[in-house]
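Please read it alongside the sequence and the model shown here.

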Amino acid sequence: MIFELNQRAFSWPQIASNGVNMATFAIFFAAAMAWRTNRNAHMRMITFASLSMMTPAIARALQPIGREVATHPVWLLLCAVVAGYDWRGHGRVLRATWFGLAVSVTGFAVFGAVAASTATAQTITASSATQLDDPVGYVERIRLVRFLDE
């Protein structure tokens, strides 16, 4: 899906976001398998793995109000809710949650660095392309000119 989307309109920030999603999911899932005998740690890693795949849904929910920029901060807020759950239930934040928060913040930092470093180039590319440009690979194929929700 990432490849097909970027055939229409290549976007480094989107590649970075989806790459961070996949990498953090893999890390959390591997940690969940490694800690499967520790109920609390396993549960938190599965929760963080699920949250790592939420950014597209959050972006879609924020799209109608024009606040897609807030996608990753909302995602980090959801990750912080896990720490609040620990604090409320255990009186402290568990090590597995600290691990999940560290991986999440690192992923956010990687995404932010790529998005910031490519912002100027992305603006130039977007302004030079028209909406009906035919990307390589779509000649003589049926394709959507606009996204379904527009």
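**Overall make-up**

The protein chain holds six helices and zero strands, where helices (H or I, at least four residues) and strands (E, at least two) are DSSP runs numbered from the N terminus. Read along the sequence, the pattern is α-α-α-α-α-α. This is a predicted model, in which local features need pLDDT of at least 70 and side-chain atom pairs count only at pLDDT 80 or more, while totals for chains, interfaces and linings use all residues. Residues are numbered from 1 along each chain as its sequence is written, and side-chain values use heavy atoms, with hydrogens and water left out.

**Chain totals**

- Of the 150 residues in the protein chain, 29% are buried, a term that stands for under 20% relative accessible area, with exposed meaning over 50% and partly exposed in between (1.4 Å probe, protein chains only).
- Among contacts (heavy atoms within 4.5 Å) between residues at least 6 apart in sequence, 62% join residues at least 24 apart.
- The accessible surface comes to about 10000 Å², and 67% of this area belongs to carbon and sulfur atoms; the areas come from the Shrake-Rupley method with a 1.4 Å probe, and for residues only the protein chains shown count as cover.

- Leaving aside neighbours within four places in sequence, M45 is in contact with F28, A31, A32, W35, A96, F99 and G100.

**T55 in helix 4**

- T55 lies in helix 4, which covers residues 55–62, and T55 counts as buried because its relative accessibility is 3%.
- Apart from neighbours within four places in sequence, T55 is in contact with S17, N21, T71, H72 and W75.

**Nonpolar surface patch**

- F25, F29, M33, I46 and M53 form a nonpolar patch on the surface, with about 390 Å² of accessible area together; such patches are made of residues with over 30% relative accessible area and no salt bridge, nonpolar side chains (Val, Leu, Ile, Met, Phe, Trp, Tyr) being joined within 5 Å and like charges within 9 Å.
- A salt bridge is a side-chain nitrogen of Lys or Arg within 4 Å of a carboxyl oxygen of Asp or Glu.
- Helix 2 gives the most to the nonpolar patch, with three residues.
- F29 is found in helix 2 and is partly exposed, with a relative accessible area of 39%.
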